Amino acid sequence: PVPCFCMRICNGLCMCKRTGWGVRGGSFALSCLAALNDVMGTSYTVLPKSAAVVLAQCAGRYTEAEVRSMVAAKRDEWGGSAKTRKWLTPSTLFGERFEGYMETSRAVTCDDDDFSQFDR
């Protein structure tokens with residue numbers, strides 16, 4: 001953990017108003033957290049260290065739009081039940097299963113593409 005200028009321990013990913021977006025952690029990790037907050041209407045400010053490591057390793061492989069799509073898909077899949085709704089957090093979505101969630105989301109997006117132009 002790294003203390004930021006606002007004196008919080010934040011695993012190097014400070015998003016406080018005083019320091020702006022991200023002391024460390026890379027813009028992809030911060031974009032993922034912003035996408036989660038936007039899609040879910042939440043206000044997470046800190047990524048767990050394990051999630052920051054996973055996202056750092058995956059930077060450049062996925063776009064913010066793809067992450068936003070994955071979060072929306074998981075919201076739709078898990079949001080209807082109190083048992084599964086609690087999984088809609090940075091530690092779950094951006095943890096060790098992140099790549100699997102992303103690849104599943106990509107496959108669903110490809111299946112949902114409009115192929116009506118090929119119908120005759």
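Biologist: Trp-87 first: is that residue buried, partly exposed or exposed?

Modeller: Partly exposed in this predicted model, as its relative accessibility comes out at 33%.

Biologist: And Trp-78, buried or exposed?

Modeller: Trp-78 is buried, at a relative accessible area of 7%.

Biologist: How do the rings of Trp-78 and Trp-87 sit against each other?

Modeller: Their centres are 5.3 Å apart and the planes make an angle of 85°, so this is an edge-to-face pair. The cut-off for that label is over 60 degrees.

Biologist: What about Phe-94 and Phe-98 as a pair?

Modeller: Edge-to-face again: the distance is 6.0 Å centre to centre, with 70° between the planes. Phe-94 and Phe-98 are both buried.

Biologist: Which residues make up the ring cluster?

Modeller: Tyr-62, Phe-94 and Phe-98, linked through ring pairs. The count of aromatic pairs comes to four.

Biologist: Staying with Phe-94, what is it in contact with, leaving aside neighbours within four places in sequence?

Modeller: Quite a list. Among them are Cys-32, Leu-33 and Leu-36, then Leu-47, Ala-51, Val-54 and Leu-55. Val-67, Met-70 and Val-71 also belong to the contacts of Phe-94.

Biologist: OK, the nonpolar core. How many residues are in the largest one?

Modeller: It has 24 residues. Phe-28, Leu-55, Val-67, Met-70, Val-71, Phe-94 and Phe-98 have the most contacts inside that core.

Biologist: Which elements give two or more residues to this core?

Modeller: Helix 1 (26–40), helix 2 (49–58), helix 3 and helix 6. Helix 1 gives the most, seven residues. As background, nonpolar side chains in soluble globular proteins tend to be buried together.

Biologist: Zooming out, how many helices and strands are there in the chain?

Modeller: Six helices and zero strands. Of the 120 residues in the protein chain, 33% are buried.

Biologist: And of the contacts between residues at least 6 apart in sequence, what share joins residues at least 24 apart?

Modeller: That share is 56%.

Biologist: Let's talk about helix 3. How many residues, and what does it span?

Modeller: It has 15 residues and covers 21 Å from first C-alpha to last, close to the 21 Å expected.

Biologist: Which of its residues are buried?

Modeller: Val-67, Met-70, Val-71, Ala-72, Lys-74 and Trp-78.

Biologist: A Lys on that list, noted. How many salt bridges does the whole structure have?

Modeller: A search finds seven. One of them joins Glu-64 and Arg-68, with 3.0 Å between the closest N and O atoms.

Biologist: Where do Glu-64 and Arg-68 sit relative to each other?

Modeller: They are four residues apart in helix 3 (residues 64–78), so about one helical turn separates them. In general, an α-helix has 3.6 residues a turn, so residues three or four places apart point the same way.

Biologist: Which residue does Glu-66 meet in a salt bridge?

Modeller: Arg-106, at 3.0 Å from N to O. That pair links distant parts of the chain, with Glu-66 in helix 3 and Arg-106 in helix 6 (residues 98–111), 40 residues apart. Glu-66 has a relative accessible area of 25% and is partly exposed, and Arg-106 is partly exposed at 29%.

Biologist: What about Glu-103 and Arg-106?

Modeller: They form a salt bridge, with the closest N and O atoms 3.5 Å apart. Glu-103 and Arg-106 are three residues apart in helix 6, so the separation is about one helical turn. Glu-103 is partly exposed, with a relative accessible area of 38%.

Biologist: Last topic, Thr-84. Where does it lie, and is it buried or exposed?

Modeller: Thr-84 is in helix 4 (residues 82–85) and is buried, with a relative accessible area of 15%.

Biologist: What lies 2.6 Å from a polar atom of its side chain?

Modeller: The backbone oxygen of Trp-78. That brings us back to Trp-78, the buried partner in the edge-to-face pair with Trp-87.

Technical notes
Residues numbered from 1 in each chain as written. Predicted model: local features only at pLDDT ≥ 70, side-chain atom pairs only at ≥ 80, totals over all residues. Heavy atoms only, no water. Buried < 20%, exposed > 50% of the residue type's maximum accessible area, 1.4 Å probe, protein only. Polar contact = N/O pair within 3.5 Å; in protein donor to acceptor, adjacent residues only side chain to side chain. Salt bridge = Lys/Arg side-chain N within 4 Å of Asp/Glu carboxyl O. Expected span 1.5 Å × (residues − 1). Core = buried A, V, L, I, M, F, W, Y, C linked by side-chain atoms within 4.5 Å. Contact = heavy atoms within 4.5 Å. Phe/Tyr/Trp six-rings, centres within 6.5 Å; stacked < 30°, edge-to-face > 60°.
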